[in-house]
Amino acid sequence: IFAFFQPQLAIMFNSKTKNQFVRTFAEDLASQEYIRKKINNLKEFRKKAQATLDNVKEQVLKQQKVKNFDELIKGKGFTKEQLLDFITRDHQVNAYYENGLKKKTYDNVKVKHILISFSEDSKKEHHHHNASQKEEQKNKRTEEQAKKLAFELKSRLEKGEKFDELAKKYSDDSSSKDKGGLVEGPADQFVKEFALAAKTLPINKVSKPIKTNFGYHILKVLKRSKENCSNAPEQVKQMKKEEIRQQIIKEKLHFKWL
């Protein structure tokens, strides 16, 4: 059924990495079966599944040159009833996750930052055809120089220079520099060290330079709030759903691979 919906998965089943794939697949299937036992209202979910299946049929029959759906799934290794059951389970699992998300929160942050980047290989000469002079300068900056500049900027900020102005002039984050270095959203969408700082720094205090694989950042957290995961951006929802799934696999199912 998976291969029917996503032909590229069929390749995975036959590939060299098959074992790893089958493991993940088995864990996933087991977690879905676990979830399924926790869900009531089977009738309601079957109704939803039937609607989805009708929709799929319509789409597929438009694209394929077959007379009817039965002909399309002939010889594919599953019956229409099994397909309906598969889609029903999908609806049940989604409902379980959506419900789980209501109980979870995420950290939303509003942060100003200045990024001072450096190049690993700035000892070598760079030859960029279309790099502007500023690019050149930035790319030639060693880690030492970047660190030094970041600490200088920190002390200038502490002496009262304006964050927005310094961000505009020095920050290498082109998407935020003209907004005074402002970025906002779920903390965990940022690189790990940045996320941790954004979650833990005192509000409105200029941080010491924090190193990430982008360079040195100076942060100032303007606002932080706990938001409900139901309204989170898709990326956060996916992360939290994965947390719920891993918890089931480890704590409820006690998976052990021999």
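Helices here are DSSP runs of H or I with at least four residues, numbered from the N terminus. In this predicted model, His 254 is found in the segment after one such run, α11 (234-252). The phi of His 254 is positive, about 45 degrees, although the residue is not a glycine. Most residues other than glycine have a negative phi. His 254 is exposed, with a relative accessible area of 53%. The cut-off for exposed is over 50%.

A positive phi also occurs at Asn 41, a residue other than glycine, with a value near 65 degrees. Asn 41 sits in the loop between α3 (18-38) and α4 (42-63). The relative accessible area of Asn 41 is 48%, so this residue is classed as partly exposed.

The protein chain averages a pLDDT of 88. A score of at least 70 is reached by 93% of the residues. Confidence is highest in β4, at 96. It is lowest in helix α7 (residues 133-140), with a mean of 57. Over residues 122-129 the pLDDT is below 50.

Helix α10 spans residues 192-200. Its buried residues are Phe 194, Ala 195, Ala 197 and Ala 198. Seen down the axis of α10, these residues fall within an arc of 165 degrees, so they line one face of the helix. An α-helix has 3.6 residues a turn, so residues three or four places apart point the same way. The face of α10 turned away from the buried side carries exposed residues: Lys 192, Leu 196 and Thr 200. Strands contribute to the cover over the buried residues of α10. Among the covering elements are β1 (105-116) and β2 (182-186). The cover also includes β3 (210-212) and β4 (215-228).

Phe 151 lies in helix α8 (residues 143-158). Its relative accessibility is 38%, so Phe 151 counts as partly exposed. Phe 151 and Tyr 216 are 65 residues apart along the chain. Their C-alpha atoms are separated by 9.3 Å.

Conventions:
Residues are numbered from 1 along each chain as its sequence is written. This is a predicted model: local features need pLDDT of at least 70, side-chain atom pairs count only at pLDDT 80 or more; totals for chains, interfaces and linings use all residues. Side-chain values use heavy atoms; hydrogens and water are left out. Buried means under 20% relative accessible area, exposed over 50%, partly exposed in between (1.4 Å probe, protein chains only). Helices (H or I, at least four residues) and strands (E, at least two) are DSSP runs, numbered from the N terminus. The arc is that of the directions from the helix axis to the C-beta atoms. Contact means heavy atoms within 4.5 Å. pLDDT is the predictor's confidence in each residue, from 0 to 100.
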